[in-house]
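Have the coordinates open as you read.

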Amino acid sequence: MTGTLYGLGVGPGAPDLLTLRAVNVLRTVDVILAAASPRNDYSAALDTARPHLRADARLLRLEFPMTRDAGILRAAWLKAAEAARDVLEGGENAAFLTIGDPLVYSTFGYLLRTLREVAPHLPVAIVPGITSFQAAAARTGTVLCEGGEKLRILPGINGRDDLAAELDNADTAVILKAYRNFPAIREALQSTGRDADCLLASHVEQPEEHIRRGVAAVDSTPPYMSLIVSRKSKTGGEEGTR
């Protein structure tokens with residue numbers, strides 16, 4: 001009998017924001033699959049889930065390099081999928097941990113597609129998690145959308161003009177991965193008049209959490225786990241409380 005792979009969202013970073021379903025899965029799986037950079041052993045998802053793990057659960061680290069080289073990425077995904085396949089075909093259940101939700105800008109999507117290529121017969125179950133932007137909105141009392149409003153989730157890696165066009169057409173915009181490309185993000189916010197009252201949130205629900213309003217005075221690159229929430233008010237400005 002083969003095992004099941006669980007794509008498991010652990011939420012934004014607080015151990016008490018995992019869902020009951022996620023906790024129940026963590027208490028039963030044999031192997032924990034943790035994505036990590038080849039440059040270090042740290043895994044925010046693993047740290048978040050650690051209080052809920054079985055004492056005898058085996059940890060298997062999967063390397064996902066931070067690069068845009070298609071060949072390097074493909075080789076890493078294939079290696080990770082083969083490692084997961086071997087665990088499942090050995091009869092063990094495994095959970096692949098992701099910060100936030102496993103289907104929102106997550107490495108799990110790459111693993112899922114590649115595993116379906118190399119071993120389509122293996123069962124996969126997905127456990128959703130609370131996203132960082134939901135947690136940031138909750139921390140600040142910011143309504144994300146209501147009525148007929150549009151909520152757009154944007155990747156911060158896109159260019160200034162693309163981001164500005166998306167911002168123009170959103171009642172509320174969430175920009176994830178708002179760090180490396182921060183100058184272009186700030187310019188897009190400035191060009192659409194959304195730079196003064198947007199929320200810049202870093203490491204939400206983690207010990208180093210920092211949330212501020214406005215990006216004009218930010219003079220350095222935000223941390224890796226940063227996002228921006230920009231909500232247009234009924235009168236054309238921004239709204240939200242801190």
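## Salt bridges

Asp30, Arg54 and Asp56 are joined in a network of salt bridges. Keep in mind that this is a predicted model, and that a search of the whole structure turns up 14 salt bridges. As background, side chains of opposite charge can pair when their charged atoms come close.

Another pair to look at is Glu63 and Arg61, whose closest N and O atoms are 3.1 Å apart. Glu63 is partly exposed, with a relative accessible area of 38%, and Arg61 is partly exposed too, at 30%.

## Pairs that reach across the sequence

Which residue does Arg231 meet in a salt bridge? Its partner is Glu146, with 3.5 Å from N to O. Arg231 sits in strand β10 and Glu146 in the loop between α5 and β6, so this pair ties together parts of the chain that are 85 residues apart in sequence. Is Arg231 buried or exposed? With a relative accessible area of 2%, Arg231 is buried, whereas Glu146 is partly exposed at 40%.

Glu187 and Arg160 make a salt bridge as well, with their closest N and O atoms 3.7 Å apart. Here the link runs between distant parts of the chain, from Glu187 in helix α7 (residues 182-191) to Arg160 in helix α6 (residues 160-168), 27 residues apart. Glu187 has a relative accessible area of 40%, which makes it partly exposed. Arg160 also counts as partly exposed, at 32% relative accessibility.

## His52 in its loop

His52 is in the loop between α2 (44-49) and β3 (58-63). Its relative accessibility is 19%, and since buried means under 20%, His52 counts as buried.

What does His52 touch, once residues up to four places away in sequence are set aside? The list is Pro15, Leu18, Val23, Leu26 and Arg27.

## The overall fold

Zooming out, the chain has seven helices and 10 strands. Its C-alpha atoms fill a box of roughly 60 × 40 × 35 Å along the principal axes. A compact globule of 242 residues would have a radius of gyration near 18 Å, and the chain's 19 Å agrees with that.

Buried residues account for 47% of the 242 residues. Take the contacts with a separation of 6 or more, and 70% of them are between residues 24 or more positions apart. The accessible surface comes to about 11800 Å², and carbon and sulfur atoms hold 50% of it.

The largest nonpolar core has 20 residues, and the ones touching the most other members are Leu5, Leu33, Ala94, Phe96, Leu111 and Leu115. At least two residues of this core come from each of β2 (31-36), α3 (70-89), β4 (94-98) and α4 (107-118). The biggest giver to this core is α3, with seven residues.

Phe96 is a handy place to start looking. Beyond its neighbours within four places in sequence, Phe96 has contacts that include Leu5, Tyr6, Gly7 and Leu8, along with Leu33 and Ala35. Leu62, Phe64, Thr107, Phe108 and Leu111 are also in contact with Phe96. A separate core of 17 residues lies apart from the largest one, and its members include Leu154, Leu163, Ala173 and Ile228.

## Helix α5 and its cover

Which residues of helix α5 (residues 132-140) are buried? They are Phe133, Ala135, Ala136, Ala137 and Thr140. The cover over these buried residues includes the strands β6, β7 (172-176), β8 (199-202), β9 (210-213) and β10 (226-231).

## A nonpolar patch outside

On the surface, Tyr105, Leu151 and Ile153 form a nonpolar patch, with about 240 Å² of accessible area together. Ile153 belongs to strand β6 (residues 151-155) and is partly exposed, with a relative accessible area of 35%.

How values were computed
Residues are numbered from 1 along each chain as its sequence is written. This is a predicted model: local features need pLDDT of at least 70, side-chain atom pairs count only at pLDDT 80 or more; totals for chains, interfaces and linings use all residues. Side-chain values use heavy atoms; hydrogens and water are left out. Patches are made of residues with over 30% relative accessible area and no salt bridge: like charges are joined within 9 Å, nonpolar side chains (Val, Leu, Ile, Met, Phe, Trp, Tyr) within 5 Å. Accessible areas come from the Shrake-Rupley method with a 1.4 Å probe; for residues, only the protein chains shown count as cover. A salt bridge is a side-chain nitrogen of Lys or Arg within 4 Å of a carboxyl oxygen of Asp or Glu. Helices (H or I, at least four residues) and strands (E, at least two) are DSSP runs, numbered from the N terminus. Buried means under 20% relative accessible area, exposed over 50%, partly exposed in between (1.4 Å probe, protein chains only). The radius of gyration is taken over C-alpha atoms; the globule rule is 2.2 Å times the number of residues to the power 0.38. Contact means heavy atoms within 4.5 Å. A nonpolar core is a set of buried Ala, Val, Leu, Ile, Met, Phe, Trp, Tyr and Cys residues joined through side-chain atoms within 4.5 Å.
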